[in-house]
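Reader: I am new to this structure. Please show me how to read its features, one at a time.

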2 protein chains.
Amino acid sequence: MNRLYHVPLSPFCRKVRLTLAEKRIEVELVEERYWEPSPDFLRRNPAGKVPVLRMESKVLSESQAICEYIEDTVPQPQLMPRDPDGRFEVRRLCAWFDDKFHEEVTSKLLYERVNKKLMAQGYPDSKNVKFGSQRIKYHLDYMAWLLDQRRWLAGDVMTLADFTAAAHLSCLDYISDVDWNRHAVVKDWYAKIKSRPSFRPLLVDQVPGFPPPAHYADLDF
Amino acid sequence: MNRLYHVPLSPFCRKVRLTLAEKRIEVELVEERYWEPSPDFLRRNPAGKVPVLRMESKVLSESQAICEYIEDTVPQPQLMPRDPDGRFEVRRLCAWFDDKFHEEVTSKLLYERVNKKLMAQGYPDSKNVKFGSQRIKYHLDYMAWLLDQRRWLAGDVMTLADFTAAAHLSCLDYISDVDWNRHAVVKDWYAKIKSRPSFRPLLVDQVPGFPPPAHYADLDF
């Protein structure tokens with residue numbers, strides 16, 4: 001059985017979960033408190049991070065490398081275009097969300113509000129939370145600008161870029177940090193992703209001590 | 001003419017410069033003080049980062065996405081294996097260096113010692129420098145462990161993983177922060193990369209106020 005070592009509110013784990021589910025690859029989820037790494041876990045991934053995917057005899061780490069590996073080995077349904085320009089745009093946007101959005105928003109809101117408490121590292125730094133709350137507006141505006149010109153983030157078909165963005169936003173939505181009223185076009189895009197069967201398992205995630213708001217799992221939010 | 005907006009001591013820019021040079025794609029280099037972004041620069045890349053590559057009518061950003069695009073469009077000489085397992089390992093190691101090594105070492109040594117001064121952001125934080133100096137040992141050990149089993153970092157052929165690692169290490173070598181005597185196998189690997197024609201332009205880079213040590217450009221270091 002394939003096995004994914006993960007934490008529920010990690011955008012990188014969610015990106016891999018969504019990719020696996022879209023490709024209909026079954027996987028057993030194992031929660032891994034990576035901030036208290038066991039020797040076994042570090043043997044699987046010396047980087048000491050999640051996600052780690054055990055698939056047949058392979059142990060895979062790094063979410064973008066995992067998703068591209070899945071795309072290379074299970075090409076259908078297609079989550080990456082086949083032409084170089086299309087592939088570039090998907091990869092550029094994956095990096096946008098996993099690097100820039102992560103640095104400016106996810107780490108400033110989710111990690112301050114949730115991860116710090118889970119890891120017993122104290123209270124949220126209000127300077128960071130304020131910064132993240134400002135920056136998410138800029139990112140939602142950028143998404144709206146893209147979605148005004150395209151059906152999906154990277155072009156006219158749904159790709160890994162959409163799942164990468166949705167992985168981050170869904171974690172922030174779990175803590176009510178996304179203003180869905182800012183842009184109708186972004187809300188419509190998220191509603192389409194959220195109603196996919198691959199998304200359902202994410203909507204029942206529960207983190208002890210952090211109950212999700214009612215709208216989190218509501219498809220008509 | 002293709003044009004690369006860059007700064008000399010950025011590992012992400014160096015990775016793209018090496019890839020372009022290996023593929024024999026000519027490019028004009030334009031230094032970009034991205035921390036004082038001009039409206040023109042932000043129009044090219046709203047992320048406000050370097051490298052940005054203008055190639056024919058396209059404007060490309062995000063170093064890994066750029067390098068994969070170049071590989072997709074100019075396949076020879078090959079810097080990525082063609083099989084999924086090989087591609088995975090290259091991408092995993094690129095992420096290892098661009099994320100983990102960057103976070104633990106490059107940002108703690110290079111950015112503290114050089115970028116802070118260039119950006120007039122004060123003095124190096126000795127806590128960070130100490131942390132980076134400790135962590136680089138771990139990373140050199142990891143590289144030695146890989147190179148004990150393989151000719152190159154990702155396997156038996158030279159790939160983008162080697163150029164990614166060398167891009168980071170070359171920046172740190174510019175400020176004498178790499179102990180090449182720690183592992184002969186790592187030094188031998190770097191000597192092979194350093195002697196490639198693609199590497200030559202990096203060895204004549206000069207950052208005002210930071211003269212490189214004599215061994216930096218020496219192929220017999």
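Reader: Which strands does helix α3 of chain A lie across?

Author: Some ground rules come before the answer. This is a predicted model, where local features need pLDDT of at least 70 and side-chain atom pairs count only at pLDDT 80 or more, while totals for chains, interfaces and linings use all residues. Residues are numbered from 1 along each chain as its sequence is written, chains are lettered from A and ligands numbered from 1 in the order in which they are written, and side-chain values use heavy atoms, with hydrogens and water left out. Helices (H or I, at least four residues) and strands (E, at least two) are DSSP runs, numbered from the N terminus. Now the case: helix α3 (residues 63-73) of chain A lies across β3 and β4 of chain A. Its direction is at about 130° to β4(A). Axes here are lines fitted to C-alpha atoms, for helices over the stretch in contact (heavy atoms within 4.5 Å). Angles run from 0 to 180 degrees between N-to-C directions.

Reader: In what order do the 4 strands of the open sheet in chain A come?

Author: Two strands pair if DSSP finds at least two bridges between them. In chain A the order is β2-β1-β3-β4, with mixed pairing. The edges are β2 (28-31) and β4 (58-61) of chain A, each pairing on one side only. From one strand to the next, the twist averages 20°.

Reader: How many bridges join β1 to β3 in chain A?

Author: There are 3, between residues 3-6 and residues 52-55 of chain A, and the two strands run antiparallel. R3(A) stands opposite R54(A) in β3(A).

Reader: How many disulfides are there over all chains?

Author: A disulfide is a covalent bond between the sulfur atoms of two cysteines. The cut-off is a pair of cysteine sulfur atoms within 2.5 Å. By this rule the count is 0. For C94(A), the nearest cysteine sulfur is that of C67(A), 7.6 Å away. C94(A) is buried, at 1% relative accessible area. Buried means under 20%, exposed over 50%, partly exposed in between (1.4 Å probe, protein chains only).

Reader: What rotation superposes chain B on chain A?

Author: Two copies of a chain are related by a rotation about an axis and a shift along it. Here the rotation is 180°, with 0.0 Å of shift and RMSD 0.0 Å. The copies are thus related as by a two-fold rotation axis. D99(B) comes closest to the axis among residues of chain B, at 4.5 Å (C-alpha).

Note on methods. Least-squares fit on C-alpha atoms with pLDDT ≥ 70 in both.
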